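Please look over the sequence and the model below before reading on.

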Amino acid sequence: MTSVEDARKFYAQLMAANAGSADPHLEEAFATVPREAFLGPGPWAVVAGRALTTGNGKIMTPSADPVHIYQDVLVALDADKGINNGEPSLHAMWIGRIAPRLDEAVTHIGAGTGYYTALLARLVAPGPVTAFEIEADLAARATKNLETYGNVSVIHGDAVTGDLPPSDIIYVNAGVVAPPAAWLRALKPGGRMIFPWRPSQSVGLAVMVTRTKQGFACDPFMRSWFIPCVGASVAGSAAKIPDLQKAARSRSIWLTSDRAPDRTATAIIGDVWFSSQALGGGRRR
């Protein structure tokens, strides 16, 4: 029989390989943070295949042995609302790309029950981590699950209308039609934000944003689908919504208060617009 420790160690190796990161601390974080501590008591409902879109086909683990959830599977947290624990390999890739560093300040939006918050907290400790969760029951669970992480604060609240602390990293786990201007302003110089961009039902991209001296560089780097972010998932009637091809060409993000949209605009949504022009003048053809 495989022990939980062996299963977690192998799982951590797989996640580090998926991330493609040279940082040994990433594997260490996946190996030391117990996933089962953030899922509630087992057996657990594993979400796979068509269940991701249809809601059907959930599979119960054979027992409450945590060894069953050290695989690259989604685990349901609130099946009625379509909320799950997230696909570990996707988060490993995202965390590897955003490259958390010691003592950086992190804001996690859509923290759920706190598993990926805990991983981020391990990677930046003693840097502060602020976790927002709008669902009251999930926020309460996250608060309890993270009480031993001294550098984490859980906020039951709306990250769209609330104030974000100045952040080196903003890690977003809910789909937005565009990042609110306040999120961009909260990024420190050199700060990074990763978010699921969902300007329409047919477009879903993971986007990495970096704040530079010239502005906000962006890189749509993979397809991605998350549940909608409350308060930031519906575009106004005046919005310019891109198709997938135009969205993928975006190379910078601007606040309309800083620069008016021009012919390079791939999307204009509220007070934020996306451009095919890279910072420094390069343009995606």
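The model is a predicted one.

The crossing of α1 past α2 is right-handed. On the α1 side, the contact is made by Arg8, Tyr11, Ala12, Gln13, Met15, Ala16 and Ala19. Helix α2 brings Leu26, Glu27, Phe30, Ala31 and Thr32 to the contact. By type, the residues of this contact of α1 with α2 divide into eight nonpolar, two polar and two charged.

In soluble globular proteins, nonpolar side chains tend to be buried together. The largest nonpolar core in this model has 46 residues. Within this core, Phe30, Trp94, Tyr115, Leu119 and Tyr149 touch the most other members. Several elements supply at least two residues each: α1, α2, β3 (74-78), α4 (88-98), α5, α6 (136-145), β8 (167-172) and β10 (203-211). The element that gives the most to this core is α5, with eight residues. Apart from this core lies another one, of 34 residues, including Leu184, Trp197, Ala232 and Ala267.

Helix α5 deserves a separate look. It runs over residues 115-124, and nine of its ten residues are buried, so the helix is largely enclosed by the rest of the structure. The buried residues are Tyr115, Tyr116, Thr117, Ala118, Leu119, Leu120, Ala121, Leu123 and Val124. Two of these, Tyr115 and Leu119, are also among the residues of the largest core that touch the most other members.

Next comes a proline in a strand. Pro196 lies in strand β9, which covers residues 187-200. Is Pro196 buried or exposed? Its relative accessibility is 1%, so Pro196 counts as buried. Buried here means under 20% relative accessible area. Which residues does Pro196 contact, leaving aside its neighbours within four places in sequence? They are Trp94, Val172, Ala174, Gly175, Val176, Leu205, Ser224 and Phe226. One of them, Ala174, is 22 residues from Pro196 along the chain, yet the C-alpha atoms of Pro196 and Ala174 are separated by 6.4 Å.

The remaining details concern the backbone in loops. The peptide bond from Gly42 to Pro43 is cis, with omega near 0°, and Pro43 lies in the loop between α2 and β1 (45-47). The bond from Ala125 to Pro126 is also cis, with omega near 10°. Pro126 belongs to the loop between α5 and β6 (129-133).

The loop between α4 and β5 (106-109) holds Ala99. Although Ala99 is not a glycine, its phi is positive, at about 50°. With 33% relative accessibility, Ala99 counts as partly exposed. Asp103 also sits in the loop between α4 and β5. Its phi is positive too, at about 75°, and Asp103 is not a glycine either.

Note on methods. Residues numbered from 1 in each chain as written. Predicted model: local features only at pLDDT ≥ 70, side-chain atom pairs only at ≥ 80, totals over all residues. Heavy atoms only, no water. Left-handed = near helix turned anticlockwise from the far one by under 90°. Helix = DSSP H or I, 4+ residues; strand = E, 2+ residues; numbered from the N terminus. Contact = heavy atoms within 4.5 Å. Nonpolar A, V, L, I, M, F, W, Y, C, P; charged D, E, K, R; others polar. Buried < 20%, exposed > 50% of the residue type's maximum accessible area, 1.4 Å probe, protein only. Core = buried A, V, L, I, M, F, W, Y, C linked by side-chain atoms within 4.5 Å.
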